Amino acid sequence: MNTPKIIKVEKKPKICPNCKGKVVKILYGEPTDEAFEKSDDKKIIIGGCCISNDDPEWGCVDCDCSFLKVSNKELDQI
């Protein structure tokens, strides 16, 4: 099983740097019927109901990459 790749970014990428796929918002919490429909249409990713302070904000609909929003200062420390 592949471990999901988490990439730290300052803003949402337009395309996934790993596979050139579409990057969309990850929705956390209890999903609604509308959320399931958007997920089926690859407009969002359902991230689950367990929420922490370091959950990725965006994800690629075509591969396992996800993107954690960090400040520019945090990026400089990487």
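Of the 78 residues of the protein, 26% count as buried, where buried means under 20% relative accessible area, exposed over 50%, and partly exposed in between (1.4 Å probe, protein chains only). The model is a predicted one, in which local features need pLDDT of at least 70, side-chain atom pairs count only at pLDDT 80 or more, and totals for chains, interfaces and linings use all residues. Residues are numbered from 1 along each chain as its sequence is written, and side-chain values use heavy atoms, with hydrogens and water left out.

**Exercise 1. Secondary structure and strand pairing**

Determine which elements make up the protein and in what order they run.

Solution. 

Step 1. Helices (H or I, at least four residues) and strands (E, at least two) are taken as DSSP runs, numbered from the N terminus. On this basis the protein holds two helices and five strands.

Step 2. Read from the N terminus, the order of the elements is β-β-α-β-β-β-α.

Step 3. Next comes the pairing of strands, which requires that DSSP find at least two bridges between them. Strand β2 runs antiparallel to β4, and three bridges join them.

Step 4. Strands β2 and β3 pair in the parallel sense, over four bridges. Here K25 faces I44 in β3.

**Exercise 2. Salt bridges**

Find how many salt bridges the structure holds, and state where the partners of each lie.

Solution. 

Step 1. The criterion is a side-chain nitrogen of Lys or Arg within 4 Å of a carboxyl oxygen of Asp or Glu. Three salt bridges are present in the structure.

Step 2. One of them joins the side chains of K25 and E57, at 3.3 Å from N to O. Because K25 lies in strand β2 and E57 in the loop between β3 (44-48) and β4 (58-60), the pair ties together parts that are 32 residues apart in sequence. Both partners are partly exposed: K25 has a relative accessible area of 42%, and E57 has one of 26%.

Step 3. Another is formed by E34 and K38, whose closest N and O atoms are 3.6 Å apart. These two residues are four apart in helix α1 (residues 33-40), so about one helical turn separates them. K38 is partly exposed, with a relative accessible area of 35%.

Step 4. A further salt bridge brings together the side chains of D62 and K42 (3.7 Å, N to O). This pair links distant parts of the chain, with D62 in the loop between β4 and β5 (65-69) and K42 in the loop between α1 and β3, 20 residues apart.

**Exercise 3. The surroundings and backbone of K42**

Describe K42 by its accessibility, its spatial relation to V24 and its phi angle.

Solution. 

Step 1. K42 is partly exposed, at 40% relative accessibility.

Step 2. K42 and V24 are 18 residues apart in sequence, while their C-alpha atoms are 7.8 Å apart in space.

Step 3. The phi angle of K42 is near 60°, a positive value in a residue other than glycine.

Step 4. K20 provides a further case, with phi near 70°, again positive in a residue other than glycine. K20 is found in the loop between β1 and β2 and is exposed, with a relative accessible area of 58%.

**Exercise 4. Charged surface patches**

Identify which residues gather in a patch of positive charge and which gather in a patch of negative charge.

Solution. 

Step 1. Patches are made of residues with over 30% relative accessible area and no salt bridge; like charges are joined within 9 Å, and nonpolar side chains (Val, Leu, Ile, Met, Phe, Trp, Tyr) within 5 Å. Accessible areas come from the Shrake-Rupley method with a 1.4 Å probe, and for residues only the protein chains shown count as cover. Lys and Arg count as positive and Asp and Glu as negative, while His and the chain ends are not counted. The place of a charge is taken as NZ of Lys, CZ of Arg, CG of Asp or CD of Glu.

Step 2. The positive patch on the surface consists of K11, K12, K14, K22 and K43. Among them, K11 is located in the loop between β1 (5-9) and β2 (23-28). K11 is exposed, its relative accessible area being 65%.

Step 3. The negative patch on the surface gathers D33, E37, D40 and D41. One of these, E37, has its place in helix α1. E37 is exposed, with a relative accessible area of 52%.
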